[in-house]
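Here is a briefing on one chain and its structure. Look over the fold before reading the points below.

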Amino acid sequence: MFTALGRWAVIRCSIVADIFLTLGRAGKNTLSFEGRAATRAVFLKQIYFTGLEASGIIMTIALILGTVIITQVVSLVGDNGFLTGKILVWVVLRELAPLLTAIVVIARSGTAIAAELGAMKINGEIESLEMMGIPSEHYLIFPRIAGVTISMVILTVYFVLTAFIGSFLIASVGWHVPYEQFIQGILTALGVKEVVVPLLKSVLFGLCTSATCCCFGLSVDRSVTEIPQVATKGVMFSLFVVFFMDALVTYISSL
């Protein structure tokens with residue numbers, strides 16, 4: 001039992017070390033001006049795929065979530081718009097918005113990144129880039145990590161705005177919650193911590209999940225059957241990292 005537990009811990013620690021190493025390699029390239037045009041193209045494509053194409057899904061989920069939350073809250077506290085607005089800030093802004101956004105991004109972009117890098121390695125494309133003097137961390141890793149992180153922050157903002165607007169419309173039209181009380185409750189609960197914590201979570205989620213999927217994608221050897229395996233492992237480990245960091249940041253911010 002202890003042997004298996006120790007083996008599990010060693011494997012997880014090595015994965016975490018690889019993630020930090022990947023982040024360090026990607027961060028080192030932020031000061032490099034070599035190949036900026038090619039890197040910028042990959043970066044913009046990553047933002048388009050991760051951010052723009054996922055915006056519709058994020059806004060739909062946020063609208064549904066805001067409707068469900070406002071319905072449950074109003075059914076419990078009645079037309080108390082002040083308390084309803086405060087609960088919306090505490091639940092959606094601080095917790096659910098960055099968490100659900102990260103889950104959607106992992107499901108879409110995390111899987112794609114791991115599978116794409118795995119296929120490139122098996123087909124020898126990464127070796128070809130290295131032979132031409134193009135570092136893989138500069139052309140492949142950095143633009144993906146940067147693109148996913150920026151998209152995560154933007155999508156989190158979209159999520160919050162959509163959930164708040166949808167909740168306001170449902171509360172005003174469907175439940176006749178006073179507009180002034182609802183806005184006052186939001187403004188009362190909205191402080192510096194309520195803005196900084198979700199943004200910090202979204203940045204950390206974007207950095208760690210993208211680096212995790214890059215690590216797993218580049219870990220394949222020569223078999224095509226490894227591609228779906230590393231994609232699944234990358235997604236599952238990214239979800240573990242997201243939930244762990246979410247709990248850690250929430251605990252630290254509550255001290």
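Contact here means heavy atoms within 4.5 Å. With that in hand, turn to helix H7: what covers its buried residues includes helix H3 (55-77), helix H4 (81-122), H6 and helix H8 (192-217). The model is predicted. The chain has nine helices and zero strands.

**Overall make-up**

- From the N terminus on, the elements run α-α-α-α-α-α-α-α-α.
- The chain has 255 residues, and buried residues make up 44% of them.
- Among contacts with a separation of 6 or more, 87% are between residues 24 or more positions apart.

**Annotated spans**

- An unreviewed UniProt entry places the feature "transmembrane region" at residues 47-75, 87-107, 145-175, 195-218 and 230-252.
- Residues 87-107 are 100% helix and 0% strand, and the end C-alpha atoms of this span lie 28 Å apart.
- Residues 195-218 are 96% helix and 0% strand, with end C-alpha atoms 35 Å apart.

**Nonpolar core**

- The largest nonpolar core has 58 residues.
- Val92, Phe159 and Phe164 have the most contacts inside this core.
- The elements that give two or more residues to the core are H3, H4, helix H5 (125-131), H6, H7, H8 and H9.
- H4 gives the most, with 16 residues.
- Which residues does Phe159 touch, not counting residues up to four places away in sequence? They are Ile58, Ile61, Ala62, Leu65, Val92, Leu96, Ala97, Leu100 and Thr101.

**Helix H7**

- Phe182, Gly185, Ile186 and Ala189 are buried in H7.
- Seen down the axis of H7, these buried residues fall within an arc of 95°, so they line one face of the helix.
- Glu180 and Leu187 are exposed, on the other side of H7.
- Phe182 has a relative accessibility of 2%, so this residue counts as buried.

**Aromatic pairs**

- The structure holds four aromatic pairs.
- One of them joins Phe168 and Phe182: the ring centres are 5.9 Å apart and the planes are at 40°, so the pair is tilted.
- Phe168 lies in helix H6 (residues 136-174) and Phe182 in helix H7 (residues 179-189), so the pair ties together parts that are 14 residues apart in sequence.
- Phe168 counts as partly exposed because its relative accessibility is 22%.
- Another pair is Phe240 and Phe244, with ring centres 6.4 Å apart. Their planes are at 20°, so this pair is stacked.
- Why are Phe240 and Phe244 separated by about one helical turn? Because they are four residues apart in helix H9 (residues 226-254).
- An α-helix has 3.6 residues a turn, so residues three or four places apart point the same way.
- Phe240 is partly exposed, with a relative accessible area of 45%.
- Phe216, Phe237, Phe240 and Phe244 form one aromatic cluster.

**A charge over a ring**

- Which ring lies under the charged end of Arg108? The ring is that of Phe49, and the charged end sits 4.6 Å from its centre.

- Gly118 has its place in helix H4. Its relative accessible area is 0%, so Gly118 is buried.
- Gly118 touches Gly217, Val220 and Ile227, leaving out residues up to four places away in sequence.
- Gly118 and Gln229 are 111 residues apart along the chain, yet their C-alpha atoms are separated by 10.0 Å.
- Ser55 has its place in helix H3. Is Ser55 buried or exposed? Its relative accessibility is 14%, so Ser55 counts as buried.
- Ser55 is in contact with Leu155 and Tyr158, leaving aside its neighbours within four places in sequence.
- Gly78 is in the loop between H3 and H4. At 27% relative accessibility, Gly78 counts as partly exposed.

Notes: Residues are numbered from 1 along each chain as its sequence is written. This is a predicted model: local features need pLDDT of at least 70, side-chain atom pairs count only at pLDDT 80 or more; totals for chains, interfaces and linings use all residues. Side-chain values use heavy atoms; hydrogens and water are left out. Rings of Phe, Tyr and Trp (its six-membered ring) pair if their centres lie within 6.5 Å; planes under 30 degrees apart count as stacked, over 60 as edge-to-face and the rest as tilted. Buried means under 20% relative accessible area, exposed over 50%, partly exposed in between (1.4 Å probe, protein chains only). A charge sits over a ring if NZ of Lys or CZ of Arg is within 6 Å of the ring centre and within 35 degrees of the ring normal. UniProt positions are given in the numbering used here, feature names are shortened, and annotations may be inferred rather than shown by experiment. The arc is that of the directions from the helix axis to the C-beta atoms. A nonpolar core is a set of buried Ala, Val, Leu, Ile, Met, Phe, Trp, Tyr and Cys residues joined through side-chain atoms within 4.5 Å.
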